[in-house]
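Please keep the sequence and the model open while reading.

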Amino acid sequence: MLITSRRNPLVNRLRYLHEAEGRRIHGLILLEGTHLFQEVLRLGLVPTEIIATPKWLKHNNDLTKTFSSVRLVTLDVLRAIATTKNPDGILTVLPIVQLPIVPRTPNFLLVLDRLQDPGNMGTLMRTALAAGVDSLWLRGGVDPLHPKVLRASAGAALSLPLERFSSTVELLQQIKNLSWMQRIATRVQEKYTSQTIKPYWQLDWSKPTALFLGNEGSGLDPFLESICTDGVTIPHSYLVDSLNVGVAAAPLLLERFRQRLTYVKNNL
Ligand SMILES: C[S@@+](CC[C@H](N)C(=O)[O-])C[C@H]1O[C@@H](n2cnc3c(N)ncnc32)[C@H](O)[C@@H]1O
């Protein structure tokens, strides 16, 4: 049956998943778009609901053939549920318990301090996964399971184990258990001081590493910085004070990958 009314209870039930409270109470997340649906299939995850327009289903019937039911809604109803202005025709509801579990002994950990922007968070997740990060730890900031973050991560959020800490104390306790890892603070270049911080390529990234990135406005909490064993920077022109955190993450995270490739090539 085609749902045509925005007043259908389905709309409010799924819109509740835009909110952290709704996701927590129902233990579900809302994935928007064909790409995220394809990621769900690729990873062998099992959605509780698939909501699509008749037009989307007509063009993508092969993608849904293993599912017994797809809820059909008009584009207008789909728009009322989605956070995107122009959803491409499908929404997927997935249980949170199907997301990956953080390993006990991570080898490459990314710690994000109070990141606020959903786009930055999603971009970072995608880069982290590409660079071989095996755990993402978040201290406060934007909810990583918000539909906008999930979309910006292009599905990386479904593969990257993550843990959230509501306070610095809680995060510090966990970090203390990771004594075998080098803890790397990231710092913007300092124009007016003579303090030198290592350019990121001078660090030996082959060691087990926890990399710390800071908030978009205030940077890395000095308290977190004080527990780091090393600091690195990405040198750039003084015409800007700093880089966007999502942009800064790419060379840092991928330097580990580059050093590993170089090591493998040299030892063939
Ligand atoms: C926009 S910056 C924060 C700027 C803030 N006013 C400060 O002084 O730290 C956000 C985060 O991006 C990273 N970042 C930005 N530029 C960087 C650079 N040149 N080198 C290393 N990390 C950088 C750091 O993790 C930083 O905490």
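**Exercise 1.** In what order do the strands of the open sheet lie, and is their pairing parallel or antiparallel?

*Solution.* The model is predicted, so local features need pLDDT of at least 70 and side-chain atom pairs count only at pLDDT 80 or more, while totals for chains, interfaces and linings use all residues. Residues are numbered from 1 along each chain as its sequence is written, and side-chain values use heavy atoms, without hydrogens and water.

Strands are DSSP runs (E, at least two residues), numbered from the N terminus, and two of them pair if DSSP finds at least two bridges between them. With these terms, the seven strands follow the order S8-S7-S6-S11-S9-S12-S10, and the pairing is parallel. Strand S8 (162-165) and strand S10 (198-199) stand at the edges with a single partner strand each, so one side of each has no neighbour in the sheet.

**Exercise 2.** Describe how S6 and S11 are joined.

*Solution.* Strand S6 (residues 108-113) pairs with strand S11 (residues 209-213) in the parallel sense over five bridges, and Val111 has Phe212 in S11 as its bridge partner.

**Exercise 3.** Find the polar contacts (pairs of N or O atoms within 3.5 Å) between the ligand and Thr186, Arg187 and Leu243.

*Solution.* Begin with Thr186, where a polar side-chain atom lies 2.6 Å from an oxygen atom of the ligand. Continue with the backbone: an N or O atom of Arg187 lies 3.2 Å from a ligand nitrogen atom, and a polar backbone atom of Leu243 is 3.0 Å from a nitrogen atom of the ligand.

Terms used:
Polar contact = N/O pair within 3.5 Å; in protein donor to acceptor, adjacent residues only side chain to side chain. Helix = DSSP H or I, 4+ residues; strand = E, 2+ residues; numbered from the N terminus.
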